[in-house]
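Student: I have a structure here that is new to me. Can we go through it together, one question at a time?

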Amino acid sequence: MEFLALLAAVAAIILAWGERRRIAALRARLIGLEQQVAALRDAGPRVIAAGDAAMPSPESAPQRAPEAAAPPEPVAEPISVGAIQPAASEAIPEAPPPLVPPEAAPEPVPARGFEERFGTQWVVWVGGVALALGGIFLVRYSIEQGLIGPGVRVMLGALLAIALIAAGEWTRRNELRSGIGQIGAAHIPSILTAAGTTVAYATVYAAYALYGFLAPPLAFLLLGIVALATLAAALLHGPALAGLGLVGAYVTPVLVSTEEPSFWALYLYLIVVTAAAFALARAKLWRWLAVTALCFATLWTLPGIAEAAVATALPHTVYVVIGFALAAAMIVAGLLFGPAATPDTIDEISSLALAAWLVPAALLTTVSGHDSVALTGFVLLVLATVGIAQRSPAALAAVPVAAGLAVLVMAEWATETRLDSLIAPAGPVAGVVPEPERASFTLHLLAGFGFAALFGLVGFFAQGRSERSVVPQVWAWCAIATPVAVLIALYWRIAGFDRSIPFAGLALLLAALFAVATETLGRRPSRPGLGAGQAIFAVGAVAALALALTMALEKGFLTIALALTVAGIAFVERHRPLPALRYLAAGVALVVLARIGWEPRIVGDAVGTTPIFNWLLWGYGVPALAFWTGGHLLRKRADDGSARTVDTLAILFTVLLVSLEIRHTVQGGDVYRMVSPLTEVGLQVSAWLALAIGLERVRLRTGSIVHNVGAVVMAVLALAGIAVGLVLLVNPVVTGDAVGGPVVNLVLLGYGLPAVLATVLALVARDTRPMAYRAVAATAAVGLSLLWLSLEIRRAYHGAVLTVGPTTDVEQYTYSAAWLAFGVVLLLAGILLRSQPARLASAAVVTLTIAKVFLYDMAGLTGIFRALSFIGLGLVLVGIGLLYQRLLFPRRPARPPAAPAPGGMSAAP
């Protein structure tokens, strides 16, 4: 079947070649006809007439080249052919415009149909691929069937490769002689040559890796010859050959395999192929070819990375290092053999060429368990990346990648749990029993401090050396972020985030170095990016100082240190307006939020049981204060997304602080208890109302939408707590819980205090909120007051447990009298304050009292209490009517009758 497929591919190419010749002849004729028609159309009837009248005959006129003709006079605007037609009485000018030679007319490009594309392109491409695959499958089939020996297989493969390459060169030369090579169709010579080079790659690789016919030096030489031949052929045949040959070369090891693979042989082959691809990409400046080769070359590291988990990492490390060196030598702009670079400009391909090899080096280090060879190779690549970026800024974008991967490698080592690092010393019995080898921190300590010193020093000395501000900024961020992150990773692995004075001293030293760098940069003459670099180093000093406090104090102070960093960054941004600092402040604030979400108690069970003065106060109070400060400083310059993020977290941490402290106090230190009694719900509602009042005042001063929305959210949260919690879930009439002594009890705490705060909120919002907001606040205040009054009356009649004992007529009468008195008080308050919501609330309470009297007291009360209930209600209602008539809606005096006009009659009868 494979042989038949090969024959079919050859037949398809022969048929396509014949069709192509016929199509080319038709196209040449069509182009000639179109050129003649275009020349006649451009000349026009006027030009033809003028030529007949004024131009001499060809025999008498001197011959003159078209280039020597005088140029036409410039015109102000284009005029159509129809606009210059002569009238009947119009004379023809003596100097006609010259004829445009037919050769100057642009050749029309006809649209290609399906048949043309199929016959001239698609079948040729498929045929080329089929040829390559046919040759490879033919070798594979002969191996599986044992038809021919290994030597014959290799010889036949070589002959097939030579034949395909020769056929490609022959067709290319014939195309040049016939002039059909410029027709837009699939380039058959390049496809044949690409198939030949692919077969040549496979043949040499099989002779070396499968059969052992070639020693490594000879295999290297032959593979180099094939690679150079492919390079030379691609220079002649164009990018089609480069693409097909490259893909075929990288896929060959997958198609031709062996039961005993050798990574050394594979990597030798891949290095030669990659070097040839990089050289071709550099010679022709084909960026796509460089990216494609990078992708294939780095993808081939994945099998080696998987193998490094159980075997040595040496061959894989060598391959990565050599691949990195090839990319640096031939792809990075402005370095060694790379293309020319624009000064102080970051080039994506140059940076990608280095970053693409750093990623497998980091993966190899982590997967191999931080093998010394892999770690050494990764360190070398990081050093080389920094040096190359210092020499050529085109590769600068690879520096943050190197810094980030260095931090990730250190962090992965820090979080790794290994038994050998947890074994305690044997003490007096050391050596008596065998002990496993203990973990050594020496190599990682050297690597960590080396990374910190490398990025810190190079980043500092790179300030002020570029004409573009982005270059020193990238170096500055890497200079501060890498040492801080590496120090955190080492602190995690060695000290376990426990209190450590030595690490605190290192962080303090780092803060001092960053501060010195800030002051040093401030004394230098002004250069692009120098001010931004100074601000970034100042941020690093603040972060390192916060880290020092964290390491010197308890675990929870990490949260505090990060929060204080937000305020420090905002302070630096206030004096050095750098947009990146605003984003950094918001990002660090979000990190603090994530830390709180991971463990809301900050320090776990060690939060303490002391009310108020516990870890919640420090873990939430200090970040809240830091965020309020940071938001205020950021808002001075602009109320943008960063400032709003910090302001939002300031409100959130304040709410969490108050709510968790209340819960901690009520629940005896257990903030995860599921039960919420009346005491807690009442205090929570009161706290939310107080926060809503405070935010109402703050938003009037700041005008921030965050404070505006925060005030509304807190009011809605308090309203939900009132409606769901106080009225339904924890109502002592529903739960039967004891409320304590008279007057000063849980009813006062749960209903009286929130009623007062809701009243204050309604008054504060009188002139700043819509009527609906004020009405809801007033209704909540009246409802809570009525509940507090009713529950206190019930406490007076039933004792501490409100569900014990019957409800007497005296108690029912007391409810009616108290409600009515409360309604009168609301009316008087509404009149004095000129508050319509208060008067409407009074009307609602009075209406409720009337309904109770007529619907319940009439049937439920007996004796004197029924009569007193109606008499009292009637008197109060009459009094309310008098108040409305005299104070709110007094009767207007009648207008006096109009005086009669002098000498007139009176209007009265």
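Student: Is Ile 602 buried or exposed?
Tutor: Buried means under 20% relative accessible area, exposed over 50%, and partly exposed in between (1.4 Å probe, protein chains only). Ile 602 has a relative accessible area of 3%, so Ile 602 is buried.

Student: What kind of model is this, and how are residues numbered?
Tutor: Residues are numbered from 1 along each chain as its sequence is written, and side-chain values use heavy atoms, with hydrogens and water left out. Local features need pLDDT of at least 70, side-chain atom pairs count only at pLDDT 80 or more, totals for chains, interfaces and linings use all residues, and the model is predicted.

Student: Where does Ile 602 lie, and what is its phi?
Tutor: Helices (H or I, at least four residues) and strands (E, at least two) are DSSP runs, numbered from the N terminus. Ile 602 lies in the loop between H19 and H20. Most residues other than glycine have a negative phi. Ile 602 is not a glycine, yet its phi is positive, about 70°.

Student: Is Leu 285 buried or exposed?
Tutor: Leu 285 also has a positive phi, of about 55°. Its place is the loop between helix H7 (263-284) and helix H8 (287-299). Its relative accessibility is 54%, so Leu 285 counts as exposed.

Student: Which residues does Arg 635 contact, leaving aside neighbours within four places in sequence?
Tutor: Arg 635 lies in helix H20. At 17% relative accessibility, Arg 635 counts as buried. Contact means heavy atoms within 4.5 Å. With those neighbours left aside, the partners are Ala 643, Asp 647, Thr 702, Ser 704 and His 707.

Student: Why is the pair of Tyr 620 and Phe 653 tilted?
Tutor: The structure holds twelve aromatic pairs. Rings of Phe, Tyr and Trp (its six-membered ring) pair if their centres lie within 6.5 Å; planes under 30 degrees apart count as stacked, over 60 as edge-to-face and the rest as tilted. The centres of Tyr 620 and Phe 653 are 5.9 Å apart and their planes stand at 45°, so this pair is tilted.

Student: How many residues apart are Tyr 620 and Phe 653?
Tutor: Both Tyr 620 and Phe 653 are buried. Tyr 620 is in helix H20 (residues 615-635) and Phe 653 in helix H21 (residues 641-666). The pair links distant parts of the chain, 33 residues apart.

Student: Over which ring does the charged end of Arg 524 sit?
Tutor: A charge sits over a ring if NZ of Lys or CZ of Arg is within 6 Å of the ring centre and within 35 degrees of the ring normal. For Arg 524, the ring centre is 5.1 Å away, and the ring is that of Phe 460.
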